[in-house]
Amino acid sequence: MTQGHPQSEKFVGQPVERLEDAALLMGRGRYADDLPIRVGTLHGAILRSPHAHAEIVSIDTSEAEARPGVVAVLTGDEIKELTDPFIMVLKLPLQHWSLAVERVRFVGESVVLVVAEDRYQAEDALEYIKVEYKPLPVAVDPRDAAKEDAPLIHPAAGTNVVSVRNFNYGEPDKAFAEADHTVELTIEFPRNSQTPMEGYVVVADYLPGNNTYDVLANFQGPYTVHPVMARSLRVSGSALRIRTPQDSGGGFGVKQAIFPYVTLMSTASKIVGRPVKWVEDRLEHLSAAVAAPNRVIHLEAAVTKDGKVTAFRFDQLDDYGAYLRAPMPGPLYRPHGCLTGPYFIPNLSVTNRLVLTNKTPSGMVRGFGCPQMYFAIERVMQCIAVELDLDPLDVISRNLIPAGSFPYRSAAGAIYDSGDYPKALEIAVEEGDLKELKERRDKARAEGRLYGIGYCAVIEPGQSNMGYLSTILTAEERRKNPKGGSVSQVTVNVEPLGGVSVTADCMPQGQGQGTALAQIVADELGLKPDQIRVNLEHDTQKDAWSIASGNYSSRFVSSTAIAAHRAAQKVRAKLATIAAQSLNVSEEKVSFGGGQIFATENPDNAIKFHRAAGAAHWHPGSLPTELEAGVREIGVWAPPELDSPSDSDRINTSLTYGFKIDYCGIEIDPDTAEVRIDKYVTMHDTGKMINPLLVRGQIEGSFGWGVGIALYEEFVYAEDGSFLSGTFADYLCPTACEVPKPVILHMETPSPFTPLGAKGIGEGNCMTVPVCVANAVSDALDVRDVRVPLTPARVSAMIHGEEAAPPAGRAAPAAKAEGAGRALAGEGTTLVPAAPEEVWKTLLDAEKLAAVIPGCHRLDVVGDNDYRAEVTLGVGPVKGRFQASVRLAELDAPRSATLSGGLDGPLGSSRGSGRVRLEARDGGTEVSYTYTVEVTGKVAAVGGRMLDGATRMLVRQFFERLAAQVGGPPVHESWWTRLLRALGIGQ
Amino acid sequence: MKPKGFDYLRAASVEEAVDGLKEGGEEARIVAGGQSLGAMMNMRLVEPELLVDIAGIADLDYLRAENGALEVGAALTQAELLEWSGLAEQAPLLHLAMPHVGHFQTRNRGTVCGSIAHADPSSELPLSLAVLGGEVKLRSASGQRTLAASEFQLGMLSTARRPDEMVTAVRFPNPRPGQSFAFREVARRHGDFAIVAAAAVVSDGHVRLGIGGVADRPTVRDWEALEGSALDDALNEFAWDLGGHDDIHATARYRRELVRRIGRRAIEEARHA
Amino acid sequence: MPRLSREARHPVTIILNGKRASGYAEPRLLLVDFLRREIGATGSHVGCEHGVCGACTVRVDGKAVRSCLMYAVQADGRRVDTVEGLGDDSSDLTALQSAFRREHALQCGYCTPGVLMSISDFLERNPKPTETEIREMLSGHICRCTGYAGMVRAVLDVVSNGGAAESPKSE
């Protein structure tokens with residue numbers, strides 16, 4: 001401890017190194033899966049749906065139950081009996097359970113839980129569960145799902161569009177009628193997630209003595225979900241003890257959606273009478289955890305001839321996947337107050353539609369609805385510049401809310417706390433050296449290279465108003481039960497030796513909040529941050545919490561940090577009173593510093609901090625009479641600015657509003673169509689920075705994810721709803737080679753609404769980077785329709801024009817539009833040395849057909865030309881056992897037939913059909929075929945790269961064997977053989 | 001995501017390994033580095049009954065230049081090949097291709113022969129072997145044989161290796177005087193499987209181009225020296241012959257586009273090498 | 001060596017961070033699960049179990065490898081170094097670890113142990129790498145928190161200050 005002038009050192013505002021790091025760097029972190037578990041704990045593994053939409057006809061778990069180590073097998077039947085469906089934000093006739101009941105609605109939905117002695121054995125048993133599904137029509141694309149005749153995800157709801165709300169602020173119709181121009185654009189934002197490196201972990205222990213569930217889970221809040229879990233388990237909140245660990249392997253909002261598994265494992269524990277642990281694996285996470293909602297936005301801007309926007313008209317269709325899980329539809333309403341961005345736009349019209357589809361349920365993901373919204377707003381701002389032939393930065397600049405307008409009430413009701421946007425823009429242009437970037441662009445273009453500059457400006461909301469979701473209700477509906485506000489709580493404790501410890505309700509996910517809390521408390525108490533022990537494990541039975549508790553909405557610096565400040569102030573006041581007594585001065589004339597409490601006017605008149613604290617423990621009778629014994633203070637913070645929505649639907653959706661302005665230069669490789677970010681400048685006004693090191697970390701991290709959204713990451717679904725991004729080789733998180741170094745700039749305009757003046761900073765760059773890069777690509781290529789991720793295939797389609805025609809005499813394959821589904825199609829021809837009648841007989845003879853079907857162990861006739869078979873199929877080392885159905889129809893002996901059928905097995909399911917034609921030729925038969933196959937389940941999710949080739953090989957095998965059966969040797973004549981021959985390497 | 005149970009045999013010699021394969025039959029698999037096999041086993045896409053580990057067979061841990069080729073034993077890791085000081089001179093194409101093979105960490109354990117035996121159509125090593133006209137040495141309990149690269153790799157993850165055989169070595173022919181090389185690859189991220197990889201070998205009056213990632217196996221084409229639009233036409237024909245397929249990373253059309261474009265770049269680069 | 005049966009758990013002994021450590025493993029037990037569950041060395045983390053993310057990276061006989069793509073029985077008798085073995089005693093950080101803290105190269109810290117093991121192997125073999133080489137080596141890891149900027153700074157920092165990537169303890 002430094003002595004000398006005791007009050008010199010302050011830590012808030014300093015780049016204090018993280019107190020968390022030493023343990024993490026030594027491998028001594030304490031993550032959920034590292035913690036001890038009770039003796040006898042069992043392990044769960046989950047069987048998941050291979051179908052996007054199907055009725056569950058039957059589930060046979062008997063074989064699985066008999067496998068070694070298996071203790072219990074749960075299905076939707078048990079869940080329906082022992083739990084209640086999860087409550088939702090909207091009162092809708094939809095039911096969501098922790099295991100599928102009667103029907104599956106997305107690939108990856110939990111269907112059966114196996115509980116066994118260890119995870120390996122639990123997974124072994126999954127392969128022995130037989131589920132019979134009856135596939136149903138699917139609705140995958142949100143626009144298709146919103147149509148009247150779309151298949152219904154939840155028939156009881158009667159529609160997939162489960163909420164429609166219109167809002168009007170100002171006079172949007174008048175503004176559009178009077179506008180010089182209307183600029184409009186439709187954008188589609190993809191599904192993605194920041195996919196924390198650590199998956200979900202739940203250890204649930206049912207305590208029968210008092211009907212309580214004791215659960216360890218890496219849940220990150222918000223604790224609005226705690227009642228959802230408790231209600232589903234049919235217990236009071238106090239009977240569901242949720243403990244969260246000290247360390248979490250990343251959250252990004254995603255760890256909110258662990259809650260169905262808390263209910264599932266808790267129920268399993270109750271059934272088996274032992275604790276049940278489940279650790280989510282990567283395949284489970286990618287297919288079934290959570291995704292930010294994909295959104296279709298049609299945005300119109302009413303614009304004056306000099307580029308001033310007078311009104312926005314939004315039509316938003318947000319896709320929540322198969323279930324509306326709490327706190328959905330947050331992403332559509334959290335940014336509501338910011339629908340006019342950083343711009344002075346008084347008129348606003350909004351239509352929000354919320355649609356359900358056969359995809360993984362949406363949930364909390366960093367950015368929480370804002371990247372989608374800003375993609376539309378900032379693309380439109382750029383389009384205004386293009387259409388009016390203005391500089392894009394001028395369009396931004398002309399529309400910014402003027403300095404001196406704060407607090408500023410936006411059209412939809414957000415109260416922007418502080419800022420000076422024109423100044424921020426000016427700093428960004430100067431310090432980021434936009435001039436040099438423009439020169440770089442001009443030089444590149446002069447050389448014929450594809451180079452563009454993009455801009456964007458956004459408001460980053462921090463700390464959500466717990467009442468924002470009620471904006472979805474009408475004013476009358478809200479009046480019955482008004483909601484608004486945000487509570488946070490921190491406890492500061494000083495023990496008898498003067499050691500200070502802090503507990504809080506923030507459930508950090510790696511941001512370094514413990515360090516920030518230590519800085520704040522240290523400053524109040526005249527100590528150093530490393531003298532403060534911050535323990536951020538949390539226990540709902542022992543620690544303070546409220547529904548807003550948790551780690552989300554960039555809330556920490558304006559919520560928990562303030563509660564800590566208040567708790568520390570209370571401790572300070574108490575110790576000041578105690579010290580004043582012994583220093584013989586009044587409390588107001590007492591200062592803290594250097595581990596001492598001293599008379600402000602005479603620092604030599606001091607007592608040690610721990611002496612003052614000790615007095616409250618060792619000799620409470622000596623305290624001034626108004627003081628309670630001990631030193632343990634709870635700080636509570638509930639900012640008054642967060643009110644419930646007004647009757648005119650105006651809502652202050654968040655407490656703080658930071659400002660970001662970004663620009664970037666990108667270059668596109670003319671051959672490979674790869675987009676390279678050449679330079680990226682990002683300017684932040686996030687109020688006062690509590691710890692600039694941590695602020696930089698948040699910016700660099702959200703920037704990295706922004707790059708992922710812009711160029712790499714998407715959860716891809718096929719038209720049949722099969723999920724195709726099931727591995728980290730398919731869902732592409734950018735690596736150190738893909739994320740460039742941004743130029744980071746700052747200015748500080750303190751927030752007047754939070755005592756520390758700080759604003760949330762966790763998300764801004766994932767809102768800016770996607771649209772900034774898209775604007776730059778639009779600028780480089782002069783294109784309007786820009787979709788992220790900007791994959792090279794997409795960009796190639798924009799820059800490479802019409803494809804060079806095939807050589808003369810060769811037909812091009814039918815072009816398939818991008819995203820036109822992943823049905824695998826193919827064709828081929830085989831020459832069989834036998835007459836068509838012979839071939840025909842083979843196809844219609846069960847015994848011979850069995851010999852033709854690759855890997856067929858057994859074929860049973862179930863009807864006329866209708867068979868069930870057991871087959872082992874695969875390519876190379878990849879093999880799987882399947883139940884197959886084979887049907888021959890549209891028979892035109894001996895000329896043609898349609899072969900159709902399906903496969904079901906642990907690797908997935910497939911449906912396909914093909915037309916076979918027989919034609920006599922050269923004394924034999926030419927067998928020609930075309931086929932389409934759809935594959936879903938695990939093999940589609942993890943093996944997408946291989947599927948096409950694998951299918952082709954299997955189909956080819958079938959016809960080779962057919963030829964062999966009718967007296968081969970096969971004369972194979974597929975396109976492949978022709979190719980090999982053409983290349984001179986035919987077999 | 002845990003593998004299904006299997007028996008494990010750590011072979012001390014090639015004899016022990018091939019005996020293990022003979023005993024294990026179709027359900028036995030060789031593992032050396034396990035960088036592809038291990039992932040597929042964790043996903044339960046591959047469920048062998050017996051795993052024969054050859055990583056510790058000292059006789060297979062070699063790299064030698066003899067009889068006009070660089071011969072790489074089945075236990076040699078990709079990192080050892082990449083870090084070998086003679087690589088640029090003895091095998092210039094491999095020197096260019098190796099940095100694209102996986103990552104630092106996977107090359108530390110992944111083997112050269114393992115990549116070739118795995119026969120992924122997008123992998124760089126099978127492409128290099130094909131374009132150099134290399135060979136694969138196979139051994140079983142009953143004998144040994146050597147196959148040309150084009151005879152060995154038959155399609156997607158499929159080779160001419162019989163269930164009782166193991167790859168003991170691969171041979172990359174030495175560069176001939178006057179030959180120059182180039183390697184180009186487009187992957188979504190650094191170290192990912194190639195969307196398209198192009199390996200070019202150019203010598204006086206002759207061009208050879210190998211393409212990975214488009215057809216079900218690397219495909220090689222030879223031309224007499226072509227220039228200008230004749231080269232464009234040849235590349236276009238090659239692109240259409242290969243066809244390509246759509247997956248979530250790229251469209252067939254983009255793959256053909258790359259065949260034309262990075263194929264040309266590779267050839268031009270080789271000419272100027 | 002005899003064929004190890006899938007039905008049995010077999011004794012496995014490794015030299016973990018310089019000390020003998022023993023446990024039992026079925027042939028299929030992943031090395032990372034062996035380290036975490038049998039030995040209790042929970043510093044190495046499981047991130048994807050298919051060899052892409054690098055969270056489980058440890059050094060086997062000095063080489064940084066994915067411990068989700070190795071079986072414990074394959075490591076029997078070999079040297080395994082993990083994050084717990086960095087540094088000289090439990091309270092000191094190595095130059096690399098300190099640089100990570102200084103440059104804010106970690107947030108949640110879940111990927112960090114694997115990253116540190118890769119870097120320590122890498123710098124021993126390539127003590128003066130360029131930034132491009134550093135980024136290529138780091139591309140074998142996925143970090144979702146940091147955008148990698150701090151990691152690159154930290155490695156560059158260590159390199160320019162004369163390496164100081166301590167070897168893990170050996171016997």
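Between chain B and chain A, 11 salt bridges are counted. A salt bridge here is a side-chain nitrogen of Lys or Arg within 4 Å of a carboxyl oxygen of Asp or Glu. One of them joins Asp669(A) to Arg265(B), with the closest N and O atoms 2.6 Å apart. The model is predicted: local features need pLDDT of at least 70, side-chain atom pairs count only at pLDDT 80 or more, and totals for chains, interfaces and linings use all residues. Residues are numbered from 1 along each chain as its sequence is written, chains are lettered from A and ligands numbered from 1 in the order in which they are written, and side-chain values use heavy atoms, with hydrogens and water left out.

The interface of chain B and chain A also holds 29 residue pairs in polar contact, both residues at pLDDT 80 or more. A polar contact is a pair of N or O atoms within 3.5 Å; within protein, one must be able to donate a hydrogen and the other to accept it, and residues adjacent in sequence count only if both atoms are side-chain atoms. On the chain B side, the elements that give two or more residues are strand 11 (180-187), strand 14 (219-224), helix 10 and helix 11 (252-272). Helices (H or I, at least four residues) and strands (E, at least two) are DSSP runs, numbered from the N terminus. Helix 11 of chain B provides the largest share of this side, nine residues. By class, the side of chain B that touches chain A has 24 charged, 20 nonpolar and eight polar residues. Ala, Val, Leu, Ile, Met, Phe, Trp, Tyr, Cys and Pro count as nonpolar; Asp, Glu, Lys and Arg count as charged; the others, Gly among them, count as polar.

In this interface 52 residues of chain B are in contact with 68 residues of chain A. Contact means heavy atoms within 4.5 Å. The size of an interface is often given as the accessible area lost when the parts come together. Chain B and chain A bury about 5600 Å² between them, and 56% of that area is on carbon and sulfur atoms. Arg188(B), Arg189(B) and Trp240(B) supply 13% of the area that chain B buries against chain A, more than any other three residues. Buried area is the accessible area (1.4 Å probe) that two parts lose on being put together, summed over both.

Helix 10 of chain B spans residues 228-242 and includes Ala234(B). Ala234(B) is buried, with a relative accessible area of 9%. Buried means under 20% relative accessible area, exposed over 50%, and partly exposed in between (1.4 Å probe, protein chains only). Not counting residues up to four places away in sequence, Ala234(B) touches Trp223(B) and Leu226(B). Ala234(B) and Gly25(B) are 209 residues apart in sequence; C-alpha to C-alpha, they are 44 Å apart in space.

Chain A also meets chain C. This contact takes 50 residues from chain A and 49 residues from chain C. The area buried between the two chains is about 4200 Å², of which carbon and sulfur atoms give 55%. Nine salt bridges are counted between chain A and chain C. One pairs the side chains of Glu131(C) and Lys741(A) (3.7 Å, N to O). There are 24 residue pairs in polar contact between chain A and chain C, both residues at pLDDT 80 or more. On the chain A side, helix 1 (21-25), helix 4 (119-126), helix 9 (282-288) and helix 19 (692-712) give two or more residues. Helix 19 of chain A gives the largest share, nine residues. The side of chain A that touches chain C has 20 nonpolar, 16 polar and 14 charged residues.

Chain C itself is divided into domain 1 (10-84) and domain 2 (95-160). These bounds come from an automatic or database domain assignment. The C-alpha centres of the two domains of chain C lie 21 Å apart. In chain C, 18 residues of domain 1 are in contact with 14 residues of domain 2. The two domains bury about 1200 Å² between them, 56% of it on carbon and sulfur atoms. His45(C), Arg59(C) and Val83(C) supply 40% of the area that domain 1 buries against domain 2, more than any other three residues. The rule finds one salt bridge across this interface. The side chains of Glu124(C) and Arg59(C) meet in a salt bridge (3.0 Å, N to O).
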